[in-house]
Amino acid sequence: MSKSKDALTVSRLIKMKERNEKIVMATAYDYPSALLVDAAGVDMILVGDSLGNVVQGRETTLSVTLDQMIYHSEIVARAANRAFVVVDMPFPYCQLGPNDGLRAAARIMQETGADAVKIESGRDRIETVRAIVRAGIPVLGHCGLQPQSVHISGYKVQRDHDRLMDDAEALCDAGVFGILLECVPRESAGEAARKFPVPVIGIGAGNLCDGQVLVFHDYLLYGLKTKEELPKHARSYASIGEIIVQATGQYIKDVRSGSFPSEEESF
Ligand code: KIV
């Protein structure tokens with residue numbers, strides 16, 4: 001699908017921040033989920049490596065490969081009409097250094113048709129961010145909790161305010177078009193949103209950010225998780241999992257009772 005005339009771009013996203021318009025981002029991993037969130041009007045779609053958790057059923061995101069990210073992202077980018085599509089750089093391409101990082105980012109842009117990449121980075125991996133931006137690829141920096149470093153940080157709120165500001169500053173200096181902050185105190189995120197000129201998108205970062213991102217399977221309860229099992233920062237807006245179980249149960253009953261298929265459903 002080609003993009004609509006009012007498709008989001010880097011400059012439109014920055015204008016939204018300047019006008020205090022909240023930016024809404026959701027994850028998507030396949031054609032129907034991307035079509036639906038785009039039709040609903042989200043501004044940005046993230047093809048997150050969270051697909052390792054919610055699509056592949058793994059404990060961490062570390063096993064998601066570059067080829068898998070490219071496979072899902074090409075499908076999502078084809079479905080997105082208005083939303084700006086960002087693709088996660090999977091482990092270990094944020095970590096290997098500028099050459100491998102740039103090669104991976106170039107493959108993502110060339111093979112998927114997406115608009116940007118996201119990199120789990122702060123001052124530590126800034127040379128990789130710089131190399132990718134220099135190559136003309138828009139980068140969304142991701143600091144605070146970085147799930148690719150979970151074996152060091154754990155899935156914990158990242159409370160080092162000075163480090164967060166330092167990481168965000170390094171990302172801005174390197175030329176990112178936006179920063180995603182994960183699991184940081186609300187006041188720290190608010191200060192980052194006030195201080196830096198690029199959109200700050202939060203997840204578990206409170207309401208002072210320029211925008212918010214949620215994981216598709218979390219806000220729709222798409223899976224067997226209950227509301228109570230969601231992370232503290234996520235809100236569920238529907239119980240898709242329950243609807244699927246109910247509908248599939250009815251289908252099973254109808255086949256077993258002989259009421260499906262009916263005469264009208266037969267040739
Ligand atoms: O992979 C992902 O979905 C993320 C979340 C922080 C939104 O990075």
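**Values and criteria**

Tutor: Pro92 is found in the loop between β3 (84–88) and α5. The model under discussion is a predicted one.

Student: Which residue is joined to Pro92 by a cis peptide bond, and what is omega there?

Tutor: The partner is Phe91, and omega of this cis bond is about 5°. A cis peptide bond also joins Phe260 and Pro261, with omega about -5°. Pro261 belongs to the segment after α11 (240–257).

Student: What is phi of Asn20, and where does this residue lie?

Tutor: Phi of Asn20 is near 60°, a positive value in a residue other than glycine. Asn20 is placed in the loop between α1 (10–18) and β1 (23–27).

Student: Why is Asn20 called exposed?

Tutor: The relative accessible area of Asn20 is 69%. Exposed requires over 50%, and Asn20 therefore counts as exposed.

Student: How do you know whether Leu221 is buried or exposed?

Tutor: Its relative accessibility is 8%. The limit for buried is under 20%, so Leu221 counts as buried. Leu221 lies in the loop between α10 (216–219) and α11, and its phi, near 45°, is likewise a positive value in a residue other than glycine.

Student: Why is Asn207 called partly exposed?

Tutor: Asn207 has a relative accessible area of 47%. Asn207 is in the loop between β7 and β8 (211–214).

Student: With which residues is Asn207 in contact, leaving aside neighbours within four places in sequence?

Tutor: The contacts of Asn207 are Lys22, Arg186 and Gln212; contact requires heavy atoms within 4.5 Å. The C-alpha atoms of Asn207 and Gly178 are separated by 17 Å, and the two residues are 29 residues apart along the chain.

Student: Which residues of helix α9 are buried, and what do they pack against?

Tutor: In α9 (residues 186–195) the buried residues are Ser188, Ala189, Gly190, Ala192 and Ala193. They pack against α1, α8 (161–174), β6 (178–182) and β7 (200–203).

Student: How are two packed helices described?

Tutor: The angle between their axes and the distance between the axes describe them. For α4 (residues 66–79) and α5 (residues 98–112), the axes come within 9 Å and cross at roughly 35°. The crossing is right-handed.

Student: Which residues meet where α4 contacts α5?

Tutor: Leu66, Asp67, Ile70, Ser73, Glu74 and Ala77 of α4 meet Ala104, Arg107, Ile108, Glu111 and Thr112 of α5. By class, this contact has 5 nonpolar, 2 polar and 4 charged residues.

How values were computed:
Residues are numbered from 1 along each chain as its sequence is written. This is a predicted model: local features need pLDDT of at least 70, side-chain atom pairs count only at pLDDT 80 or more; totals for chains, interfaces and linings use all residues. Side-chain values use heavy atoms; hydrogens and water are left out. Axes are lines fitted to C-alpha atoms, for helices over the stretch in contact, and angles run from 0 to 180 degrees between N-to-C directions. Helices (H or I, at least four residues) and strands (E, at least two) are DSSP runs, numbered from the N terminus. A crossing is left-handed if the near helix is turned anticlockwise from the far one by less than a right angle, and right-handed if clockwise. Ala, Val, Leu, Ile, Met, Phe, Trp, Tyr, Cys and Pro count as nonpolar, Asp, Glu, Lys and Arg as charged, and the others, Gly among them, as polar. Buried means under 20% relative accessible area, exposed over 50%, partly exposed in between (1.4 Å probe, protein chains only).
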